[in-house]
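Good morning, colleagues. May I ask you to look at the structure on the screen before we discuss it together.

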Amino acid sequence: MAQHDDGVATPDGVTAPDANDTAAGSAIAKVEAREVSPGLGVTRPDTLVNPGFPPHRARLTDTDPRKEKRAERQVSILFFLSIIGSVLAVAAYIAFPIEPGNMTSVRMNTLMLGLGITLGLLGIGIGAVHWAKALMSDVEIVESRHGTRGSDATRAKALEVFALGNKESGFGRRSLIRNSLIGALVLTPIPAVVLFRDLAPAEDPVPLLKHTMWEKGTRLTRDPSGTPIRASDITIGSAFHVIPDGLNDSEHKLEEKAKAAVLVMRLDPADLVERPERAEWSYDGIVAYSKICTHVGCPVALYEQQTHHLLCPCHQSQFDVANHAEVIFGPAKRALPQLPIAVDSEGYLIAQSDFLEPVGPSFWEREL
Amino acid sequence: MTSTDTHAGTTTGATGNAAPSAVVPTRGARFTGAAANYIDERTSISGLVKEVGRKIFPDHWSFMLGEVALYSFVVILLSGTFLTFFFEASMVPVEYDGSYVPLKGIEMSAAMASSLDISFDIRGGLLMRQVHHWAALLFVASIGLHMLRVFFTGAYRKPREINWLIGFVLFILAMAEGFTGYSLPDDLLSGNGLRIIDGMVKGIPVAGTWVSYLLFGGEFPGTEIISRLYVLHILILPAILVAALGVHLLLLIINKHTQFAGPGKTNDNVVGAPIMPVFAAKAGGFFFIVFGVIVLIAATVTINPIWNYGPYDPSPVSAGTQPDWYIGFADGALRLVPPGLEFVIFGFTVSMNILIPLVGLGLFIAVVAFYPFIEAWMTGDKREHHIADRPRNAPTRTAIGAAGVTFYAVLWAAASSDLIATHFYVSIESVIHTLQALLFIAPVVAYQVTKRVCLALQKKDREIALHGFESGRIVRLPGGEYIEVHEQLDDYERWKLVSYNEYKPLMIRPDANGKISVLQRVRGGLSTWFFEDRISPVTSTDIERSHDSSH
């Protein structure tokens with residue numbers, strides 16, 4: 001391929017051998033033999049001619065030996081700074097140890113070690129770039145591109161390889177072998193898929209998702225201490241984060257907690273709207289609702305005392321506690337499930353039963 | 001075949017031909033020569049050096065974005081390896097007994113405890129954790145910016161469509177790496193992130209419940225997820241990522257880098273610095289600069305203070321929590337879903353409030369992935385394109401890109417809807433409603449404004465190329481007429497303004513059977529949308545005409 005010194009080209013990439021011939025912009029000799037479709041691209045005969053490279057401009061470091069010497073010194077100073085930085089980093093590692101319980105020592109260790117390493121890295125980096133920009137040749141060099149496509153001869157050779165492979169193996173001819181091989185290859189990965197079944201235990205997940213730790217008579221206890229709560233502890237307007245009694249000793253503590261976490265709030269009974277069938281689920285204005293958002297399962301942890309609204313901090317679904325924790329805003333669809341509660345003989349809050357519907361995010365088999 | 005040469009004839013001597021012949025080599029040179037010979041006789045590496053040693057890389061600041069991504073990935077590998085020496089990917093409950101006093105005696109997973117130990121009991125551990133996290137944030141950000149650069153300059157056109165697709169895969173892998181890594185410390189914040197993932201997976205029809213069950217090895221959160229994410233994070237995902245990165249760079253070398261239009265630069269050449277020595281020095285130096293800046297940030301700015309969040313517990317959550325930035329758009333999409341979009345059909349629960357964001361974002365990124373192929377089909381242009389477009393010279397593409405960026409930005413803002421509400425004293429409802437409206441309106445506005453701005457800039461370019469620019473010098477002619485002298489551009493400056501591709505809409509014509517196919521109609525419609533409003537590049541005829549008509 002020809003050198004492209006002062007090469008001239010039209011914008012669509014056809015190279016003209018000599019700028020002088022194309023002054024009129026018409027008779028452009030096309031070097032490339034292959035013609036590819038420009039599609040909707042417009043090619044004009046009178047496109048302007050590439051003027052070729054502008055004259056090279058020398059840098060100060062090219063013309064002034066003093067400037068060159070100075071740049072040389074700067075680069076080596078930067079590399080020396082890097083050496084100092086790396087040494088300082090090691091010194092900092094020793095000189096600023098972490099003292100157990102002392103946060104300042106952690107901070108100083110991180111900072112001093114980090115600054116040393118930074119100097120070690122930036123010294124090399126800035127030095128090398130400065131070297132390249134100020135001292136190495138800045139003359140731009142031209143390299144020709146060749147079409148990405150292999151040459152016709154190469155492609156013919158490649159085709160021949162395939163043809164020979166086909167002929168010598170009989171891949172195309174022996175269709176029984178070929179098709180049975182394809183069938184075998186399709187099936188081989190299937191055992192690998194089956195192997196993954198035991199990623200989870202054998203039991204069906206759906207019943208698990210439909211039950212929580214709450215049972216008839218389970219005491220409501222404070223999260224996380226696990227101390228029981230008397231109805232009289234809860235004043236109007238307050239909210240308690242609640243877990244079932246015994247959860248802290250449970251074998252699957254976090255899994256149970258992810259389903260059984262409850263919020264208990266006491267409202268002025270006059271504010272509370274209750275459906276007749278749920279009238280017995282609350283106790284003197286005290287209501288208990290699942291804390292797990294019905295959207296994607298974040299804890300609905302923010303209670304607004306004045307409006308009786310619960311807000312999920314993850315995606316801002318809002319639930320109206322005064323009205324069955326129905327959704328009043330946000331992406332959630334279903335109300336928070338209510339835990340029916342009562343008071344036992346000692347005055348402690350207890351559950352009447354488990355939740356009567358699955359808690360937490362929706363899932364395909366939820367209503368089955 | 002010599003394919004490279006300096007373009008200015010006077011400088012051939014300056015490229016280092018100072019080869020002394022009769023001088024006896026020094027001991028160092030003899031050793032280097034012997035070592036090189038030893039290696040070459042066993043690897044044939046001289047061929048590789050000859051082929052790529054003087055390969056040319058064009059220079060432009062925007063070409064560094066991909067380099068930033070590459071170098072931050074190296075930083076991630078280095079710092080991540082350090083972290084694996086101390087991290088314990090296990091959810092076995094332990095009682096924390098490390099140096100951080102406020103959490104002493106608290107039960108947490110071994111993963112959380114070892115993350116705290118890395119932070120507070122291992123010298124440089126916190127620094128490396130923060131280097132790893134900051135580098136990860138920079139990695140995804142630089143990939144995103146690199147993709148925007150490639151998009152807006154049309155550098156994905158033939159022959160680089162496949163490399164765009166590979167780059168897209170790298171972007172998805174980077175986000176997956178980010179999310180799996182973010183979850184590993186098993187702290188409260190990341191645990192809530194996993195809870196959201198669990199909720200989303202459960203919302204997938206038919207398979208969701210089982211996928212979640214298998215993923216978590218039982219009920220959420222289970223005792224498996226951290227070690228499984230760890231294997232994904234340090235083995236499978238990096239392996240795929242490194243392989244895809246290798247192909248990405250290989251194709252970069254095969255296709256050679258694009259360059260911007262400029263005097264002397266054509267579609268058939270590459271103009272720039274050779275790998276040895278200038279590009280190697282600049283790129284190598286730049287690696288150290290990227291690394292240094294990451295370490296500087298990590299040494300001075302705290303990121304992900306897990307000790308403030310505490311171990312994961314399904315019950316507490318802090319308000320104003322934010323995912324890492326690159327997950328924001330997905331979280332925002334979840335937040336913007338209007339209420340009530342869930343229904344039961346034949347007893348099965350269909351969570352449209354989860355499906356709409358999932359499918360919507362899936363479509364969005366599918367368009368991103370396949371855009372080059374759609375555009376190539378629409379233009380039918382089979383030529384190779386090695387000259388990067390200035391964004392203004394492809395107004396519709398640039399406008400589509402701007403609309404996409406705006407769409408993403410609105411979703412991203414939505415992930416901070418609660419913080420917007422609290423910082424600007426507005427209600428959360430009004431923030432959500434505004435963002436819901438903006439999600440549809442803002443991209444349209446961005447599209448229109450961008451397209452008009454591009455066309456206006458093209459007109460300005462054309463005007464300047466034809467008539468030069470106003471010099472501000474007023475001259476009185478002998479006849480008494482006053483004119484302002486226009487300064488003409490020199491040929492080099494003008495070339496930058498006039499060398500771009502022009503396309504026209506497809507003329508729909510019946511085929512041999514006298515029919516117009518649906519595909520042709522679609523192509524016609526698309527191309528009309530793209531190219532109906534266009535400014536042609538200045539031609540020599542235009543210039544002659546303008547000279548004739550001028551004074």
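**Chain A and chain B in a predicted model**

In chain A, 38% of the 368 residues count as buried; a residue is buried if 20 or more other C-beta atoms lie within 10 Å of its own, exposed if 12 or fewer, and partly exposed in between, with C-beta atoms placed from the backbone. This is a predicted model, in which local features need pLDDT of at least 70 and side-chain atom pairs count only at pLDDT 80 or more, while totals for chains, interfaces and linings use all residues. Residues are numbered from 1 along each chain as its sequence is written, and chains are lettered from A and ligands numbered from 1 in the order in which they are written.

The C-alpha atoms of chain A fill a box of roughly 105 × 75 × 45 Å along the principal axes. Its secondary structure comprises 8 helices and 14 strands, where helices (H or I, at least four residues) and strands (E, at least two) are DSSP runs, numbered from the N terminus.

Finally, helix α7 of chain B is mostly covered, with 15 of its 15 residues buried.
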